[in-house]
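Subject: Structure handover

Hello,

Here is the structure you will be working with. Please open it first, then read the notes below.

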Amino acid sequence: MKNISTKSIAKIGILSALVIILSLSPLGFIPIGAIRVTTVHIPIIIIALTEGPLVSLFVGFIFGLFSFCQHLLGVSPLSFMFINPFVSVLPRAMIGIISYFSYKFIKKYTDNILTVIIPSILGTLVNTFGVLFFAYIFCAEQIYDVLKINPAKFLIGIALSNGVAEIIASAFLVPLIVKKLLKKQIPQD
């Protein structure tokens with residue numbers, strides 16, 4: 001904890017506030033037809049690439065903790081899934097860790113737009129598929145009881161519909177924002 005600067009603590013606070021605001025607004029879960037595209041994870045990926053794994057771990061933890069607390073109030077019929085910290089907190093805390101280390105690994109071999117796009121995709125996959133994987137592991141029976149449908153088919157449907165849209169949003173937005181934050185041009189292919 002001694003190596004977290006005041007500037008990093010301020011960024012944790014600001015980006016955590018942004019995550020909470022996105023979680024409470026339609027911008028955090030953009031409705032497109034029958035799906036809701038999550039964008040709340042994007043600030044976590046951005047801070048992972050600009051500040052490192054520790055700061056992004058804290059912001060991801062705040063995202064997960066906020067999701068956990070929201071669902072304690074029963075904000076949706078599936079809130080029971082998110083009151084399990086393995087579903088709501090763990091995948092969100094891991095978004096920045098996976099994004100950061102994949103960025104560092106890829107940067108050893110190339111320094112082009114893919115250096116940012118691939119970690120954006122991996123961070124999104126950790127969020128979407130992490131939540132859905134743990135929801136299946138811990139809540140499959142409850143999902144069936146509430147929805148009366150096969151939980152695996154239901155969760156795979158969400159993964160395919162929401163996951164693809166979230167990957168596209170993240171792969172488009174993160175490079176644009178990171179390029180501005182790092183104040184340098186990301187080399188093009």
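**What was found**

F138 is partly exposed, because its relative accessibility is 39%. Here buried means under 20% relative accessible area, exposed means over 50%, and partly exposed lies in between (1.4 Å probe, protein chains only).

Some ground rules. This is a predicted model, where local features need pLDDT of at least 70, side-chain atom pairs count only at pLDDT 80 or more, and totals for chains, interfaces and linings use all residues. Residues are numbered from 1 along each chain as its sequence is written, and side-chain values use heavy atoms, with hydrogens and water left out.

**The overall fold**

The protein chain has eight helices and two strands. From the N terminus, the order is α-β-β-α-α-α-α-α-α-α. Both kinds of element are DSSP runs, numbered from the N terminus: helices are H or I with at least four residues, strands are E with at least two.

The C-alpha atoms fill a box of roughly 50 × 40 × 25 Å along the principal axes.

Of the 189 residues, 48% count as buried. Now take the contacts (heavy atoms within 4.5 Å). Among those with a separation of 6 or more, 69% come from residues 24 or more positions apart.

**Helix 2**

Is helix 2 largely enclosed or largely open? Eight of its ten residues (42–51) are buried, so helix 2 is largely enclosed by the rest of the structure. The buried ones are I42, P43, I44, I45, I46, I47, A48 and L49. They pack against helix 1 (6–24), helix 3 (53–72), helix 6 (90–107), helix 7 and helix 8. G52 follows helix 2, and its phi is positive, near 110°.

**Aromatic rings**

A pair of aromatic rings is described by the distance of the centres and the angle of the planes. Rings of Phe, Tyr and Trp (its six-membered ring) pair if their centres lie within 6.5 Å; planes under 30 degrees apart are stacked, over 60 edge-to-face, and the rest tilted.

How many aromatic pairs does a search of the whole structure find? There are six. One of them joins Y100 and F101 edge-to-face, at 4.9 Å centre to centre with 85° between the planes. Y100 is buried, because its relative accessible area is 17%. F101 is partly exposed, at 48%.

F134 and F138 form a stacked pair: 6.2 Å centre to centre, 20° between the planes. Both lie in helix 7 (residues 114–147), four residues apart, about one turn of the helix. An α-helix has 3.6 residues a turn, so residues three or four places apart point the same way. Ring pairs also link F86, F133, F134 and F138 into a cluster.

**K148**

Where is K148 found? It is in the loop between helix 7 and helix 8 (151–181). K148 is exposed, with a relative accessible area of 55%. Its phi is near 55°, a positive value in a residue other than glycine. K148 and A48 are 100 residues apart along the chain, and their C-alpha atoms are separated by 39 Å.

Best wishes
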